[in-house]
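Please keep the sequence and the structure open while reading.

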Amino acid sequence: MKKNNLLIKYILIIISFLGIIGCVHDDKYDEPNLDSYECADLTATMSLTQLRAKVVNTVFAFSDDSQDVVEGYVSSTDETGNIYKTIYIQDKPENPTQGFVISVDMVSTYTKFPQGSKIYIKLAGLALGTYGGVVQLGIKDPVGTSTSVLRIPEKLISSKIFRSCLVREKIVPKIMTCSEMISANDRFIGCLIQVDNAEFDSRVLCTNFAPNGVTVDRMIKDASTTTARIVRNSGYASFANQILPSGNGKFVGIYSKYISTYQLYINKVSDLEMNKFPRIDGISTNPCEYSDVGLVQKTVAEIKQLATAPLTQITGDFVLKAKVIANDKSGNLFKYIYAEDTSGGIKINIDKNDLFNDSRFAVGKEVYVKLKNLYIGTVSGEMQIGAPFSGAVGRIPEADIYKHFFDSNKPLASIIPTEKMISHINYSDVGRWVKIKDVQFSFQDLERTYAGAIPTNRILEDCLGNQIIVRTSNFADFADATLDSGKGDVYAIVGFFNGTYQLILKDLLGADLDNVRCDGSVYVTLPTINSDEFSSGGFSSDWLTVNVAGAQVWSTSNTGNGTSYYAIMNGFNTTNAANEDWLISKSVSLAGKTKAALSFTSDVRYAGNSLQVYITENYTGDPSTTNWVLLPAVLDSNNLAFGDWTSSGNVSLNAFLGKNIRIAFKYTSTPFASATWEIDDFKIKAQ
């Protein structure tokens, strides 16, 4: 039995080894076996130039009985997956005068029409149109636009496109400069071209050709112009995860454009020879090769100790080796990452969008940061690394990323949170990835989303009543998600803003709260027993408007809100004026109810007194003689703009259960300041 187990173990090892070998990609490919494909040699009746001339402003369709045939040489290959459902051709294998684009609903076309093949195309039933300003051959779309065509269906290709039985040539790329990529040379679109003395822009150095599954544009330059050209790379290409060549040299690819933007497509990475230094931009050696020689490793805690002012330059040859614990993938972070080592975590500001698409900044990646000439300091109280901006720490320019950030080439690793209680969070935790056990969102925040039209704070609390802010960007992909109403563990970054600790979620999974709440209850959305969205304009009999002082009164408006109205009060009329105006709801019974809450949305513009929200159980008919209780409702705090409606959350009315209550909005202004307040989505909820 032991011998059999040992034999099985050896077999599994060999299978695993073969699997690993099979995954290694060296950009070398076997020639496709063409023996099983039919070939034919036809006679062309028109040139590609003549074909191109048939398109003016609308689709040109060939009749089903057309005898026209064109010929060309395949300049592209989709073998690496970087070119998709397209065959590019040119009229000659060397020194072409015309290129062309054939749109086909077929993949792996290289197995039938490999690069260099001479092909013939029967034009009967096909059509010419444009996409992105580029003429293409396809089929007419019976319900489409007057300019575009559909891909040639795969089932038709064998009867429309034929590979020559006799001719296959080596495609010699046409030499072009970036300055020659202009409309006068659009006839070369579809040709294989070569750009000499080319180099990828410094802003993309040391990055992959493309993130996994994401098509991106990488910029390339030569000495002929300061205008960069686009190299468009598919995230599904077999070479997508390889690092871009960082030197200067020969670039070979398919010439194309989209509308007015010229772009290039790589057939194979082996076509590129871009390893010469120095580059045109002065970079003298390969910037992507990391070495520890001459560097002193510093921990996060040691780096923080270097700060002696709000902006302190790091002058030593130091390196930070830390694991990325949060990036901008969800949109909750913007142009910064957090990195952590055993001594602590820190925010690093980088002036680049979509940092998550750079393998150096993937969550769980250990990144090496050369710190010399970067800056350390506090921004609103939080220690950060970056570059100078207006006397404080700002973002590291995108063009300098390659100078400071290096991929450790270590595999991604799990990020282990530090377990904390809300009451135990201190300044040493700022920048750390933490786990806070058994917490819940406050009752007031239930039924609210993570963020409104602006970055928003929500309150997280533990069962002892300790609270901390959860800060969420309005650009987070989970901003519109409703807060979980239960209790559970929260995983987040600890931030710090002007003396207040706050939590920053990496994604929605950071607050998956499904257990019963601290009081043992399961929160159920309260039914609405009274509501008004003021949607039709004017106030119904459900409302009283009481003018105590000033000429202005509560009214409704739909300005900026389409056909939907809202309540509005503004004490300004050519000048600021003193006002006191009340908007008072009808009496609503809470008899027999065990829970009750108020919710509404508010919007404020211009400086002035805050709106006040009151409740009473004994309205006398006169606001001045009524016993009012002020409610702790959350109101809009951004008086610089309209449109950022803020939810009040659930304002508890449990102190008034069994009573008949009225809600009132009290507006006041002065001769010196008159804010405009708007109210909508009014609801009293109870069960």
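## Overall dimensions

The radius of gyration used here is taken over C-alpha atoms, and the value for a globule follows a rule of 2.2 Å times the number of residues to the power 0.38. The model is predicted. For a compact globule of 687 residues the radius of gyration would be near 26 Å, whereas the protein chain has 33 Å. The C-alpha trace of the protein chain spans about 105 × 70 × 65 Å along its principal axes.

One pair of residues gives a sense of these distances. Ala597 and Ser183 are 414 residues apart along the chain, and their C-alpha atoms are separated by 65 Å.

## Composition and surface

The protein chain contains 5 helices and 48 strands. Of the contacts between residues at least 6 apart in sequence, 71% join residues at least 24 apart. Buried residues account for 49% of the 687 residues in the protein chain.

The protein chain exposes about 31600 Å², and 51% of that area is supplied by carbon and sulfur atoms. There are 64 positive and 72 negative side chains in the protein chain. The centres of these two sets lie 3 Å apart.

Strand β6 (residues 127-131) pairs with β7 in the antiparallel sense over 5 bridges. Within this pairing, Gly129 has Gln136 in β7 as its bridge partner. The two strands form a hairpin with 2 residues between them, and Gly132 in the turn has a positive phi of about 60°. Strand β8 (residues 149-150) also pairs with β7 in the antiparallel sense, over 2 bridges. Here Leu150 in β8 stands opposite Ile139.

## Strand β47 and its partners

Strand β47 (residues 660-669) is largely enclosed by the rest of the structure, because 8 of its 10 residues are buried. Strand β40 (residues 579-585) runs antiparallel to β47 and is joined to β47 by 6 bridges. In β47, Tyr667 stands opposite Asp581.

Strand β43 (residues 612-616) is joined to β47 by 5 bridges, again in an antiparallel arrangement. Arg662 in β47 stands opposite Thr616. Strand β41 (residues 588-589) runs antiparallel to β47 as well, with 2 bridges between them. The bridge partner of Val588 in β47 is Ile661.

## Two buried residues

Ala597 is found in strand β42 (residues 596-605). Is Ala597 buried or exposed? Its relative accessibility is 0%, so Ala597 counts as buried, the cut-off being under 20%. Leaving aside neighbours within four places in sequence, Ala597 is in contact with Phe443, Leu526, Asn650, Val651, Ser652, Leu653, Lys683, Ile684 and Lys685.

Asn208 lies in the loop between β12 (192-200) and β13 (216-221). Because its relative accessibility is 11%, Asn208 also counts as buried. Not counting residues up to four places away in sequence, Asn208 touches Arg218, Ala240, Asn241, Gln242, Ile243, Leu244 and Ser359.

## Backbone details

Where does a cis peptide bond occur? A cis bond joins Phe277 and Pro278, with omega at about 0°. Pro278 sits in the loop between β17 (273-276) and β18 (296-298).

Asn197, which is not a glycine, has a positive phi of about 55°. Asn197 is in strand β12. With 41% relative accessibility, Asn197 counts as partly exposed. Asp681 is likewise not a glycine, and its phi is positive, near 55°. Asp681 is found in strand β48 (residues 676-686). At 29% relative accessibility, Asp681 counts as partly exposed.

How values were computed: Residues numbered from 1 in each chain as written. Predicted model: local features only at pLDDT ≥ 70, side-chain atom pairs only at ≥ 80, totals over all residues. Heavy atoms only, no water. Helix = DSSP H or I, 4+ residues; strand = E, 2+ residues; numbered from the N terminus. Buried < 20%, exposed > 50% of the residue type's maximum accessible area, 1.4 Å probe, protein only. Contact = heavy atoms within 4.5 Å. Pairing = 2+ DSSP bridges. Areas by Shrake-Rupley, 256 points an atom, 1.4 Å probe, with all protein chains shown as cover. Lys, Arg positive; Asp, Glu negative; His and termini not counted. Charge placed at Lys NZ, Arg CZ, Asp CG, Glu CD.
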